[in-house]
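Subject: Handing over the structure

Hello,

Here is the structure I promised to pass on to you.

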Amino acid sequence: MSVIRQTLAIAAGILLLAGTAYAAEPFSITSTTFKDSAMMPKKVAGATKTNPSCVGDNVSPQFSWSNVPAGTTSFALVMTDPDGRGIGVDHWIAYGIPASVTGFAEGETSKPSDKYIGGIGTAKQSIYVGPCTPPGTTPHHYTFILIATDLDPKALPAGLTKLELFDKLNGHVKGSTGIIGLFKNPL
């Protein structure tokens, strides 16, 4: 081992012993319904009867988050399928989630709730709308992005699109985190 590497190793050991190398845990979102970058179960897929690609029960995934950035007063949660329709599909836009909320139970956001303000996704819905991937395609990547903000939970009106929401959040973001779920139509 070179002298420089030995010196760096000793310095790293001293920092660890001094406690300065222990950083706070990062802001994160997890789900018991699926693991990050893994396949989501069929039950989370959309249940629109007029669309043969919707093969599920539209059960929204469970989410919990931790290590919230200081100064957070509300959250926004956006679900997008960047693979959908070749230009992306916004499945769920939720915001005005009070900082006291630390997650959602499975199925909780498949209907209106007083825990969030519903925006408008591609399907013109203000609640969770699950995947409806066409049969025979590769798995789509459903991104769930949780954004910590310094906005009052009631600061924004209902019905914002993702782009309108992002415009309103400009200058108010304290941090963000995400999780990806994959889904492939089993047919």
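First, a definition: on a 1 Å grid over the protein atoms alone, a cavity is a set of points where a 1.4 Å probe fits but cannot get out. A pocket is an open set with protein on both sides within 12 Å along at least five of seven lines, and lining residues have an atom within 4 Å of a point. Grid points are joined across faces, edges and corners, and a volume is the space filled by probe spheres set on the points.

Please keep in mind that this is a predicted model, where local features need pLDDT of at least 70 and side-chain atom pairs count only at pLDDT 80 or more, while totals for chains, interfaces and linings use all residues. Residues are numbered from 1 along each chain as its sequence is written, and side-chain values use heavy atoms, with hydrogens and water left out.

The largest pocket has a volume of about 370 Å³. Of its 20 lining residues, the closest to the centre are Asn51, Arg85, Val89, His91 and Cys132. Both β5 and β8 (140-149) give two or more residues to this lining, and β5 gives the most, with three.

**Aromatic rings**

The model has ten aromatic pairs, meaning rings of Phe, Tyr and Trp (its six-membered ring) with centres within 6.5 Å; planes under 30 degrees apart count as stacked, over 60 as edge-to-face and the rest as tilted. Phe63 and Phe144 are a tilted pair, because their planes stand at 50°, with the centres 4.9 Å apart. This pair links distant parts of the chain, with Phe63 in strand β3 and Phe144 in strand β8, 81 residues apart. Phe63 is buried (under 20% relative accessible area), at 2%, and Phe144 is buried at 0%.

Phe104 and Tyr116 form an edge-to-face pair, 6.0 Å centre to centre with 85° between the planes. Both Phe104 and Tyr116 are buried. They also belong to one aromatic cluster, together with Phe27, Trp65, Phe75, Trp92 and Tyr128.

Happy exploring!

Technical notes: Helices (H or I, at least four residues) and strands (E, at least two) are DSSP runs, numbered from the N terminus. Buried means under 20% relative accessible area, exposed over 50%, partly exposed in between (1.4 Å probe, protein chains only).
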